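Subject: Structure handover

Hello,

Here is the structure I promised to pass on. Please open it first, then read the notes below.

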Amino acid sequence: MTTELNPEDIEFQLLVEGIYCRYGYDFRNYAPASLKRRIRRFLHVEGLPTISALQDRILHDQDCIKRLLLSLTVNTTAMFRDPGFYIAFREQVVPILRTYPFIRIWHAGCSTGQEVYSMAILLQEAGIYHRCRIYGTDANEQVLQTARTGIYPYKQMQEYTRLYLKAGGQRSFSEYYTANHGSAIFHPSLREHIVFGQHNLVTDRSFNEFNVIICRNVLIYFNQTLQNQVHGLFYNSLCNFGILGLGKQETIRFTAYEGCYEALVSAEKLYRRCN
Ligand SMILES: C[S@@+](CC[C@H](N)C(=O)[O-])C[C@H]1O[C@@H](n2cnc3c(N)ncnc32)[C@H](O)[C@@H]1O
């Protein structure tokens, strides 16, 4: 008897199960097309002939799984990425936050932290940062290590300056960092109210109640079942009238939680929990 699955599909399923059983990272409900593409690229880089050969290596080699995790998750990020989002946040969300005595914000899937530092800058310029606590989380501990340092390649600063200004930045961007041997070191005062920590959206629970949850360019890598599960986590982690911010290509529409939010700025994927 043969099934409709081809050998590579079977190997793919077994690999994903193997990663979950051995290391607890659950890729079973990630969108398969992009995951398969990344696995094929990883095989090429590692010089392995088949996914089965990779299975053997990851089960016995802890360094190999670290490399694989880095290449399975897309960690691309930037400061003030999609600047319109920050303009909308400044204009539509900050006035709401001003009325709160204390503000808890969660950046889920924050990668190397640029998005979190951008928010800290925006909140400082709005004069409410001292009342905020920002949690930056990601499933991948390696990217968080960079986030905690607040140190990025100096060559990225030109592009970040351009995005900062497009996002409505009010000062000179260079006020926020010190240049040192090819690196830009963001000022420690920006990190004063930020906590970075590992959190896996698939396997971990809620850890607080938030006024704002930002999760941009993460859910696109999940299938519909997993997107619904993670929206459940966000819904249960947001206080009533809390704000949810998604990425450009993401939407609350067509999910099980569509009716629980009203659009605050639909073009910028900013929503407000309404029940
Ligand atoms: C493309 S980056 C987005 C970074 C940032 N939010 C932005 O929009 O610039 C996606 C991030 O999601 C993280 N990620 C993927 N699966 C995750 C999961 N199950 N739980 C938490 N983070 C996850 C990846 O490690 C990666 O850093």
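Start with the ligand. There are 21 residues around it, and Tyr-30, Thr-77, Arg-81, Asp-138 and Asn-217 come nearest. A residue is near if one of its heavy atoms lies within 4 Å of the molecule. By class, this shell has seven nonpolar, ten polar and four charged residues. Here Ala, Val, Leu, Ile, Met, Phe, Trp, Tyr, Cys and Pro count as nonpolar, Asp, Glu, Lys and Arg as charged, and the others, Gly among them, as polar.

A word on the source: this is a predicted model, where local features need pLDDT of at least 70 and side-chain atom pairs count only at pLDDT 80 or more, while totals for chains, interfaces and linings use all residues. Residues are numbered from 1 along each chain as its sequence is written, and side-chain values use heavy atoms, with hydrogens and water left out.

Arg-81 has a polar side-chain atom 2.8 Å from a ligand oxygen. Glu-115 has a polar side-chain atom 3.2 Å from a ligand nitrogen. A polar backbone atom of Ala-139 is 3.3 Å from a nitrogen atom of the ligand. Alone, the ligand exposes 600 Å², and the protein buries 99% of that (Shrake-Rupley method, 1.4 Å probe).

Where does the ligand sit? In the largest pocket, with more than half of its atoms within 2 Å of the pocket's grid points. A pocket is an open set of points on a 1 Å grid over the protein atoms alone, with protein on both sides within 12 Å along at least five of seven lines; a cavity is a set where a 1.4 Å probe fits but cannot get out; lining residues have an atom within 4 Å of a point.

The largest pocket holds about 710 Å³ of space. It is lined by 43 residues, with Thr-73, Asn-75, Asp-138, Ala-139 and Asn-140 closest to its centre. Helix H4 gives the most to this lining, five residues.

The second largest pocket has a volume of about 190 Å³. Its lining includes Leu-5, Phe-12 and Tyr-30. The largest share, five residues, comes from H1.

Finally, there is one cavity of 30 Å³ or more. The largest cavity has about 40 Å³ of space. Its lining has three nonpolar, one polar and five charged residues, including Asp-82, Arg-216 and Lys-248.

Best wishes

Technical notes:
A polar contact is a pair of N or O atoms within 3.5 Å; within protein, one must be able to donate a hydrogen and the other to accept it, and residues adjacent in sequence count only if both atoms are side-chain atoms. Grid points are joined across faces, edges and corners, and a volume is the space filled by probe spheres set on the points. Helices (H or I, at least four residues) and strands (E, at least two) are DSSP runs, numbered from the N terminus.
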